[in-house]
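Welcome, and please open your viewer.

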Amino acid sequence: MKPSLQAVYLAAVGVTAAQETAKWPLQSFKSTPLQAPYMNVTKHGQTELGYLFVSPHDILRETGYPAIYADDGQLVWRGPQMNISAYQPQMLDGEPVLAYWNGYLFDGFGFGGISILNNSYDEIYRVTLPGDHRFSTIADPQTFESYIDIHESQITDDGTILVTAVNITQMDLSSIGGPKVGWVQDGLFYEIDIKTNEVLFRWSTVEHLSEVPLSDIVLPLEDSGQNKTAPFEYPHLNSVAKYGDSYLVSSRFMCTLFFIDKHGNVTWHLHGQKGGSFTLTPEASFCFQHDARFISQTDESITLQLHDNENAGYTSDTKITTGLILHLDLKESTASAVQRFWDAEEPVFAHSQGSYQNLSNGHVLLQHGATPKLEEYDEDGALVMRARFGYDETLQSYRGYRTPWLGRPRTVPDVVACAEKGRTVVYVSWNGATDVQSWRVTAQSDSEEVRTVPKNGFETEVRLDIVTEKVLVEAVGGVGDGTKSEVTVGDAC
């Protein structure tokens with residue numbers, strides 16, 4: 001019997017039959033059909049304030065969605081099901097927003113757009129890169145509404161957004177043992193005005209080959225690069241950030257960070273194995289990194305952070321994945337390690353994705369991509385929280401964040417009620433509402449009963465001592481104070 005496409009994919013990513021059987025359990029509820037993975041949180045100290053933002057992609061169930069969790073592992077908001085990546089809470093025009101990529105997903109890249117939501121979960125902008133920019137893809141002649149890649153959605157202080165894209169083009173690969181007329185999947189990034197969708201800056205790796213040497217690639221060529229349908233993945237860009245008029249860009253398969261000026265010139269590049277423009281100390285080495293950002297910058301030095309995977313899909317996955325802080329001395333052209341973060345009791349060996357976030361008071365949050373785990377460290381580098389939301393290789397999230405959030409859903413609470421042994425049992429939830437303090441439940445009958453109970457996680461159960469035909473449920477406290485839902489009592493919940 002020919003295996004299904006799903007079985008072929010699971011085999012390709014190393015999912016065993018035992019893993020497929022042991023699916024990570026999902027939270028489910030009476031008041032809503034929403035489901036989401038359980039988040040198992042263990043704390044070893046004081047964590048920073050804020051909710052946890054992840055985008056669980058379940059390989060086995062073929063589902064993905066943006067989500068927000070509370071610190072105790074309770075679901076707060078689950079967004080629509082979709083192919084999702086580059087999900088992160090940010091600020092736009094002084095207001096909190098959520099930004100994420102969604103679209104057509106391929107193996108390691110995709111073609112889609114960036115959705116930007118306000119804190120009522122309305123899509124207020126949709127950033128796209130249409131086909132008139134002339135992209136060539138492995139899916140030709142199929143075309144797409146937008147050609148933004150899955151890897152970045154960074155909003156700048158100027159109201160612009162940084163995104164990546166891929167484009168198949170010809171390149172001479174003879175210097176690395178490939179054909180002279182070879183094919184590569186070029187990595188590009190763009191800066192786009194969010195409100196007008198105007199492209200303000202474009203940069204292509206292939207167009208700067210002299211500054212981004214092909215010899216620095218660490219990805220094995222093998223049989224790729226022979227044709228358009230199997231291009232060599234040079235260079236796989238996975239993060240972009242803007243500082244002044246310049247851009248910090250990360251290339252996963254070159255194990256390299258590039259600093260690019262406003263004219264597109266490479267000011268310097270830091271190779272995690274060879275050093276590049278810098279002399280690299282052994283402790284500062286890195287590879288297959290994600291989410292590179294500056295911590296501080298002067299004319300003489302730069303301190304930066306990154307998620308150091310140290311593994312890829314074709315490696316033996318024997319090196320521990322860490323969060324890494326590096327110091328670059330621009331005068332002496334040296335790169336040295338400042339600090340690494342890792343969970344010594346439960347080390348991670350992530351072969352893709354991941355993020356590094358600086359929190360307040362010196363805390364750091366790591367999310368490990370293909371390994372569905374978050375870790376928070378305090379200002380001394382001690383682990384204060386670990387949280388897991390899936391089994392390795394079966395559930396993943398491209399990045400993860402912690403930040404305060406005030407959800408203001410435009411919906412009303414979801415309620416279901418049923419009669420049970422002379423009582424009325426009510427279940428109530430409100431997807432995305434963050435600051436409801438309690439629920440007031442009123443029986444709509446001759447013998448009216450009113451009961452107010454504290455909100456208890458995503459869904460709260462309320463028991464009335466009478467049987468009634470209808471109940472009215474009202475949110476108490478917070479921005480949604482007084483919002484009501486009325487439902488008819490059924491025979492079963």
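A word before the first stop: strands here are DSSP runs of at least two residues, numbered from the N terminus, and two of them count as paired if DSSP finds at least two bridges between them. Keep in mind that this is a predicted model.

**Stop one: a hairpin**

Select residues 110–117, which are strand E11, and then residues 123–127, which are strand E12. The two strands run antiparallel, and four bridges join them. To see a bridge pair, pick Ile116 and look across to E12, where its partner is Tyr125. Now move to the turn: five residues lie between the strands of this hairpin, and Tyr121 has a positive phi near 70 degrees.

**Stop two: Glu376**

Next, select residues 373–377 to show strand E28, and highlight Glu376 within that strand. Is Glu376 buried or exposed? Glu376 counts as buried because its relative accessible area is 0%, and the cut-off for buried is under 20%. Show the side chain of His363 too: a polar contact of 2.8 Å links the side chains of His363 and Glu376.

Where does Ile320 lie? Look in the loop between strand E23 (301–308) and strand E24 (322–329). With a relative accessible area of 32%, Ile320 is partly exposed.

Conventions: Residues are numbered from 1 along each chain as its sequence is written. This is a predicted model: local features need pLDDT of at least 70, side-chain atom pairs count only at pLDDT 80 or more; totals for chains, interfaces and linings use all residues. Side-chain values use heavy atoms; hydrogens and water are left out. Buried means under 20% relative accessible area, exposed over 50%, partly exposed in between (1.4 Å probe, protein chains only). A polar contact is a pair of N or O atoms within 3.5 Å; within protein, one must be able to donate a hydrogen and the other to accept it, and residues adjacent in sequence count only if both atoms are side-chain atoms.
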